[in-house]
Each structure stands twice: as structure tokens, then as C-alpha cells.
Amino acid sequence: MREIITENSTQEAITKPALGTPQTGLRRLANALIPLFTLSIAVISILVALVAITRNDMEGYPVPLLVAICLVLDFLFLDVYRQHQRWDFQLLIVSGLSFIFLLILRALPEFVTGLQLNAVFHRSVFSTIFLLAVGLPSMVSALYYLLNATPLAEDISRYPVILIPVVVVIGLYLLLIWQLVSQGLKVVDWSVLIKPYYNIILPEKYYIQGDWPAWRTVEQVSIGFRNHILGTGLLIILTSLMSMPIGVGAGLYLSEYGDGWFGNTLRFMIKSLRAISLLILGLAAFNLANIANNTPLEWMFRGTWFTGWETLSSSGGSYLTASIILSILIIPMITQVTEEGCRSLPPELREGSLALGVSEETTLRRIVAPWAMPNIITGWLLACAEVAGSVAVLMFIARRGDYGVGVFKQVTSLAYLIFDIYYGEKNFKQLMQPYQFQAGLLLLIITLTLGALAILTKNWLAKRFRGM
Amino acid sequence: MSNSNGRNVNHSEPKKAPRGVEIRGLKVSYGANLVLKGIDLSIQPGKVTALIGPSGCGKTTLLRCINRMNELVRGCTISGEVLLDGKNVFQMDPMVLRRKVGMVFQKPNPFPMSIRDNILYGIEAGKIKVNKDEVIRNSLQKAAIWDEIQNRLGDNAFRLSIGQQQRICLARCLAISPEVVLMDEPAASLDPTSAAKVEESILGMKGDYTSIIVTHNMQQARRVSDYTVFIFLGEVVEYGETERLFADPQRTETKEYIAGRFG
């Protein structure tokens, strides 16, 4: 008996409505009707807005949606007063706004030019902005009133607004990767990965019925990007060898002794070096390749090849030239991460080492440098990804690299290949076109692997060198 | 070599006798801010001396002058003399000096390496030839932590508790067999049990080392020290045997500080 009573009382406490009037299922549904309707229109208009920015043929949608939002928000305004006894003027403002947007949209010509610029864009761009501007607040309000306008509902109703940019970014990213993967995996011929590209005309001996030999020319074609893959690897190795000692050294110097005017100047210069346009580095590379023309050092900076009886010079540059200029791009990155790593060392550790009668140099070697190691390695891997992906630096000196890969050979890389397929020679373009997505996919895999390695090694090295 | 401190030598091991520290007219300023206004002190060899005083009175600055760690602070100017074994420390090689004058900091600062490497760090860097296992064992025993960690010397010292870390730091300092040990509030950030163990090892160091300890804890100063210096506003107000100073302070400032009226 007693147990039943307690059970009843708890049941009552839980189901008791807040304002005394018991709400049946039907009534609750009726109350939710207008917020639900508003919510669906708002969501539709946001989706339409996101699609409309990419297409010009969505003209029919924005206007009726703006009308619907304008009207349904007025109804929601009245419904809120009926349910919660308060006037929510925000709803009226959004409603009025959508009416104004509607008028603007009708008044706009189909193509908009402005500020005496030649740029022309379609009015659907405006409709996207307008739909988002009214769709988002109406979605938030609709969700809020759908969830009975509690403080918790206020939080929940704002989640989608925070989520939308994230979803858009992830969606675009996945779209990009999906396109590359789906196109790249349409296997035309996997042997392109191990074959070099060449298209040369060679003389060939031939005989007619045991007669004297005669000569004819035969075109030999091989399609593949082995040299581009190996070239990317060689660029990464050479650039790392050149930039790591200098970058790490400069970073250590700046963190240890870089507080004076000289250090500050150096830091400023390194920061400005990071902001330099890559195309300017490309021009520098072109200059470097030309600087040794007609000197004994020409073979080092020009890509050369040996045809069997003479050494020819290419019109471009060598891997050495490319990696010298790429080092200019990488050294500031390495310097900065090294300095950050060293400066993140707790000062007590340095003091502790010095207080044991240990010299500054040994402290640098045994305490400071290991501490900065996770930063340095991570920075290095990201720098490698940068090297693998940079086209602008190589644009003026890279060629097709038909004649092999080596420090003094003609430079080429996977990233340059993709550029070359579009803007290169017609013949080359026709032969390589089917493989462009494979090359892109390969480059994506290389850079993403380097990025993932950077994240993983950072954690692992932090454990190893910082005991975390 | 044998100026007035021939006692307390442990003849079982070839150990150097502890040295006294003589401070004469020491003035230290950071920029325009004069922190120590002429300190004259004679620290007794082989004893524990406590430096007490309110925050910002210059205790730590005084301590860090003895092994010249203050020179690493920017804008710090020092005048006066600190004599260790009759030699002015400001004319010595700081690295040689710091091997003779060890230091334990307020915040435990073990290096991110194994416990073993932590203890051997100073020895290896100074290229001192010793029996390494014996040094590890002795110094960890002196720091009252050997029993807890003798089976996991390969563990990273960063993953020990704060109290254990501080005792590792003490052991690391003792491993290079200094003559003077400076301690800057060694037990301030520790739990009571660890603090008690640190105090225990300070008491165990008496006779072998000249210890100088900065502390805010009156009870601790009373428990561990033989002599106490009360510093106020950069000047030595009172210096004497701990028992006498706490039982019968001569100056009013000392009396009030010990009673907890200020600081």
C-alpha cells in the first residue's frame, strides 16, 4: 500500500506540466505546428541558398521562399503570443527584412556589374546572401519555440548555426577528395607509376627482302610519371639537407641570443621572408639557372643530360637550383618552429641545468634541443609537404624531366606535372590528359601522409623527449 | 684548505670538508630597485642556516648570489663579496663554482629523462669519474627516496609525483658532491608527507654539507636549522642560533614576524 502511494506521487511529480494546464498529445501537436512549419521553410531556404551560389538556374526558388518566410514569421509572432504571452519583435524584424530583400531581389537586373569594374555576377549570388540572412535566424527562432522556449532550448537552437560552417567545410573537403579519388582510381594503366615519360624520334635500320639496309625514323613513346615521382622525392631530400641545418641553427640562435637588436632584425627578416610571394621565388630560381650561363658551372645550375655523344643543356634548371630556392621558402618555417620549441622550454629546466655547473653549450645540446625536437620534426614534415606541393617556385625552371633524375638533371615534380598537363605542349597534353587525376591523387596521398605523420610524430616525440 | 673548518669530516670516504660562506657588503639591485642593501653574514660550515623574512625582502636574491645564478637575470647589478673558502666567488669560473655550490629550487624541475639520467646529468656533463651506480644509490638514499624508486630507475622523472620529483632534484644536486647546498623553499609546493621527507634528508645532510635554506615556514625553520637569519627590507635584522632567536628575539621586527603579525 505504502509503496503504491509513493510510486503515484513520483509519477505525478514527473508528468506535472509547468503551467498547470495538462497538455494532451493532440494539443501539443497543434502548438508545435507553426514552429515546425517555420523550421521546415527555414531549412529549405538554407539548403537552397547553399546550392544557389553554385548555379545560375535556381532563379525560381528564392522569391517564393522569401515570401513564405515573410508570412510564416508573422504567424509565428502571433502564435508565440498565444502560447507564451509575449511579443517577440525579433520575428517581426526578420519578417520585414525578408520583405525588403524580396523587393531588392526583384529590382536587381539578372547580371550585376558594379563600381565600374568589368566583373559580372549573377543575381543568384545575392539571393544566397539574402536567404542565409533570413533563413538562419528564422531557423533558430523556430527551433527555440518548438522546444518550448526553455533556457536549454536556447542553447540547442543555436547549435546548428555553429555547426553549419563546419559542415560546409567538411563537405567541401570530402567533395574534393571524392572527386580526386573517384577519378584517380579509374585505372587507365597503373604502369604509369613506374614508367618514365618520353616521346622521341629514333632512327631504325630496316631491310627489304634481304637487300641493303635502309633507315627510317620511328617514334618511341612512353607514358608515365616515374621521373616526376622520383623528382619530388629528390627535391624533398635535397631541400631538407640544405634547409634543416641552417633553419635549426638560426632558430637555436634566435632563442638563445636573439633578444638584442640583431636578433630582432633577423626575426623581422625571417618573418617577411615567410610572406614573400612564391612567384617571386620562381623568378629568383629562373635567375639562378641563368646566372651561370656560359661559365664552367653551367652544368650545375642548368639541367643537363648526356645523349651518348654530347652533353646538352636544358632550357630550365637543375634539381640543385630548385632546391636552393625552395630552401629560401623552407628555412623561415624551420627557424620559426625551432625557436617556438626552444622558447616553450620551462625556464626552471634551463636554470636547473646551469645550477649543476653545466655549460650553456651542454645545456643547449642535452636539454633545450631535445625539448624542441617534436616541433622541429613536425615543422620539417610540413615543410616537406610544402616542397612536394609547390608549383610556383618551379614554374619557370621545371621541364618534363625526360632524361632521368639526379642532382644536376633537369628538374621536374609531380605538382609541376599537373600544371604542365594543362599548360604544356599540345602533344604532351594529349598523351598525359588521361592520367591527370592519378597524378593529383598521388600528390594528395603524399601531402596528406606527410601531414598525418606530422601529427602522429608530434605526440610520439613529445612523449619521448618531454616525458608527457 | 683548513681554515677553521676541520671538523665534521667523514673519514670513511674521501670527502671534502664542508666550507663556510662569508658574505661582505653584498648589494644587489634590479635596475633601479635596490634589493639587498649591504649584507654581512658568516655562514657556519657543516650547519643548516635558515633564511626567513617576509616576501620580497631579498632572501632568494641573497641565496642566488652565492652560486651566481642571479647573473642570469637581466639588469641585475651586484657589488660586494661572497667568499667561499676564502675565495671571492665573483672571480671564479661560474661552472666550477656551481659544482661546489648546489641548488634546489622551489618548483621541482627534474629533466624530462629517466631518473638515472637525471642523477647522472651533472656528473656526465662535468666529466667526473666516479662509480655511477654507487653515486646514484648514495644520493638517492641521502634524499630519502631510494626505497620508493630503486626498482624503477629507468622511468621518466616527469611522471613521478611532485614530492618525489623534488627529492630527485635534491639527489641530483647531491650527486655532484657539492660543499654548499642552497635550497629555495624546497618544501613549499609539497604535500606534508613529502615535506617531512625533505626535512628528514636536510637533517641527514648536517655535518657533510653546509646548507642554506630559504623558508616561509617558521616551524620548518625551527625544526631543521641550526642558525637562523631574519632578513627584512634587504637588510639582516637578526642572526643567531635558531633556538635562541625563536625563544628570545632581540629586535621588535623579528618578534613580530615570528609571532605572525606581518609577512
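**View 1. Strands 1 and 2 of chain B pair in the antiparallel sense.** In this predicted model, 8 bridges join strand 1 (residues 21-30) of chain B to strand 2 of chain B. Across the pair, Glu22(B) stands opposite Ser42(B) of strand 2.

**View 2. Four strands of chain B form an open sheet.** The strand order is 2-1-4-5, and the pairing is antiparallel. Strand 2 (33-43) and strand 5 (87-88) of chain B are the edges, each pairing on one side only.

**View 3. Chain B meets chain A.** The contact draws 22 residues from chain B and 15 residues from chain A. On the chain B side, helix 2 (94-100) and helix 3 (115-126) are the elements that give two or more residues. That side of chain B has 12 nonpolar, 5 polar and 5 charged residues.

**View 4. Helix 4 of chain A packs on helix 5 of chain A.** Helix 4 spans residues 89-107 and helix 5 spans residues 124-146. Their axes lie 10 Å apart, at an angle of about 165°. Angles over 145 degrees count as roughly antiparallel, so helix 4 of chain A is roughly antiparallel to helix 5 of chain A. The crossing is left-handed. Helix 4 of chain A contributes residues including Leu91(A), Val94(A) and Phe101(A). Helix 5 of chain A contributes residues including Phe126(A), Phe130(A) and Pro137(A). By class, this contact has 9 nonpolar, 5 polar and no charged residues.

**View 5. Chain A is divided into two domains.** Domain 1 covers 16-161 and domain 2 covers 224-466. Taken over C-alpha atoms, the centres of these domains of chain A are separated by 50 Å.

Terms used: Residues are numbered from 1 along each chain as its sequence is written. Chains are lettered from A and ligands numbered from 1 in the order in which they are written. This is a predicted model: local features need pLDDT of at least 70, side-chain atom pairs count only at pLDDT 80 or more; totals for chains, interfaces and linings use all residues. Two residues are in contact if their C-beta atoms, placed from the backbone, lie within 7 Å. Ala, Val, Leu, Ile, Met, Phe, Trp, Tyr, Cys and Pro count as nonpolar, Asp, Glu, Lys and Arg as charged, and the others, Gly among them, as polar. Two strands pair if DSSP finds at least two bridges between them. Domain bounds come from an automatic or database domain assignment. Axes are lines fitted to C-alpha atoms, for helices over the stretch in contact, and angles run from 0 to 180 degrees between N-to-C directions. Angles under 35 degrees count as roughly parallel, over 145 as roughly antiparallel, 65 to 115 as roughly perpendicular and the rest as oblique. A crossing is left-handed if the near helix is turned anticlockwise from the far one by less than a right angle, and right-handed if clockwise.
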